[in-house]
Amino acid sequence: MNVKQRFPLRTLSLLLICAALLWLTPIFWMISSAFSADSFSPAMASILPRRPLTFGTLEEAWESADWLRLYANTLIFALGTFAVQLVTITTAGYVFAYHEFHGKTTLFYLLLIQLMIMPVMLMVPNMMTLHQLGLLNTLTGTMLTYFASAFGVFLMRQAFLNIPRELEDAALMEGCRWWQVVMHVLLPMTRPALLAFATVSITYHWNEFLWPLMVLNDPDKQVLTVGLASFALGAESGGQWGLISAGSLMVCLPLMVAFILCQKHFLSGFGFSGIK
């Protein structure tokens with residue numbers, strides 16, 4: 001490759017690095033404010049840490065809310081929803097990938113229409129349904145509306161289509177039942193797609209705010225995003241931006257660490273599933 005061919009690539013790389021740094025600026029400022037003692041001064045606009053550095057702001061933020069309960073509720077909400085989705089998307093994806101039945105294509109397209117419907121449009125009907133079932137103000141009711149995922153079904157269908165059908169036939173000839181084929185043959189081969197969906201699902205439900213705010217009235221059942229909003233309102237009235245940054249960091253940090261550790265699986269999962 002000559003110099004003329006390398007120059008556009010280097011320029012593009014430089015532009016992407018600049019865009020990434022610009023996108024990361026709010027995160028840098030949040031971390032800087034969370035560890036800076038002075039949270040309300042002309043220097044607060046700097047993204048660089050302001051000395052003296054301290055853990056006092058994080059300690060104060062931790063003591064200002066019941067974070068353990070918020071973390072527990074959020075883990076139940078995010079991981080519980082994903083656990084049920086894992087069953088629904090794998091079984092539906094398996095059926096759409098390997099089995100033929102009348103109206104299969106039409107049913108699959110109808111399922112994908114869900115991706116075009118704004119979730120806000122379904123909130124009132126969903127709340128009425130939860131009220132009739134007696135599940136308002138419960139974590140189970142909050143999770144119930146997410147148990148089926150059109151995106152997850154599409155992702156797993158694409159992943160299963162990349163696996164030779166002969167493997168399923170061989171397993172069935174050896175006496176395996178269909179659920180044994182899915183669990184012991186197909187799922188291990190679609191691990192990248194499962195990790196990709198796990199990242200999307202858990203991140204989405206970890207950050208979900210409006211739906212839990214509408215369904216959950218009991219403070220003991222609040223999730224992190226709703227608890228952070230209540231915490232930030234009190235801190236904002238006193239101009240305690242460092243305290244707000246510390247609370248935001250405690251909410252974001254688990255996801256940031258998880259994504260850094262699993263980003264290779266996340267990217268390979270979409271490539272494995274044929275999604276461009």
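User: Hi! Which residues form a nonpolar patch on the surface here?

Analyst: Hi! In this predicted model, the patch consists of Val-95, Phe-101, Leu-107, Leu-110, Ile-113, Ile-117, Met-118, Met-121 and Leu-122. Together they have about 800 Å² of accessible area.

User: Where does Ile-117 lie?

Analyst: Ile-117 is in the loop between α4 (104-112) and α5 (123-133). Its relative accessible area is 35%, so Ile-117 counts as partly exposed.

User: Okay, stepping back. What does the secondary structure come to?

Analyst: The protein chain has 13 helices and 0 strands.

User: Which helix has the lowest mean pLDDT, and which the highest?

Analyst: Helix α13 (residues 241-272) has the lowest, at 77, and helix α3 (residues 67-98) has the highest, at 94. Over the whole protein chain the average is 84, with 88% of the residues scoring at least 70.

User: Switching to charges: how many salt bridges are there?

Analyst: The count is 5. One of them pairs Arg-69 with Asp-220, with the closest N and O atoms 3.9 Å apart. That pair links distant parts of the chain, since Arg-69 is in helix α3 and Asp-220 is in the loop between α11 (210-215) and α12 (224-237), 151 residues apart.

User: What about Glu-168, which residue does its side chain meet in a salt bridge?

Analyst: That would be Arg-165, at 2.5 Å from N to O. Glu-168 is buried, with a relative accessible area of 1%, while Arg-165 is partly exposed at 37%.

User: And Glu-100, what is its partner?

Analyst: Glu-100 forms a salt bridge with Lys-104, the closest N and O atoms being 3.3 Å apart. Here Glu-100 is exposed at 69%, whereas Lys-104 is buried at 13%.

User: Last one: how many disulfides?

Analyst: The count is 0. As for individual cysteines, Cys-176 is partly exposed at 28% relative accessible area, and Cys-252 is partly exposed at 31%.

Note on methods:
Residues numbered from 1 in each chain as written. Predicted model: local features only at pLDDT ≥ 70, side-chain atom pairs only at ≥ 80, totals over all residues. Heavy atoms only, no water. Patch = residues over 30% accessible without salt bridge, like charges linked within 9 Å, V, L, I, M, F, W, Y side chains within 5 Å. Areas by Shrake-Rupley, 256 points an atom, 1.4 Å probe, with all protein chains shown as cover. Salt bridge = Lys/Arg side-chain N within 4 Å of Asp/Glu carboxyl O. Helix = DSSP H or I, 4+ residues; strand = E, 2+ residues; numbered from the N terminus. Buried < 20%, exposed > 50% of the residue type's maximum accessible area, 1.4 Å probe, protein only. Disulfide = S-S within 2.5 Å. pLDDT = per-residue confidence, 0-100.
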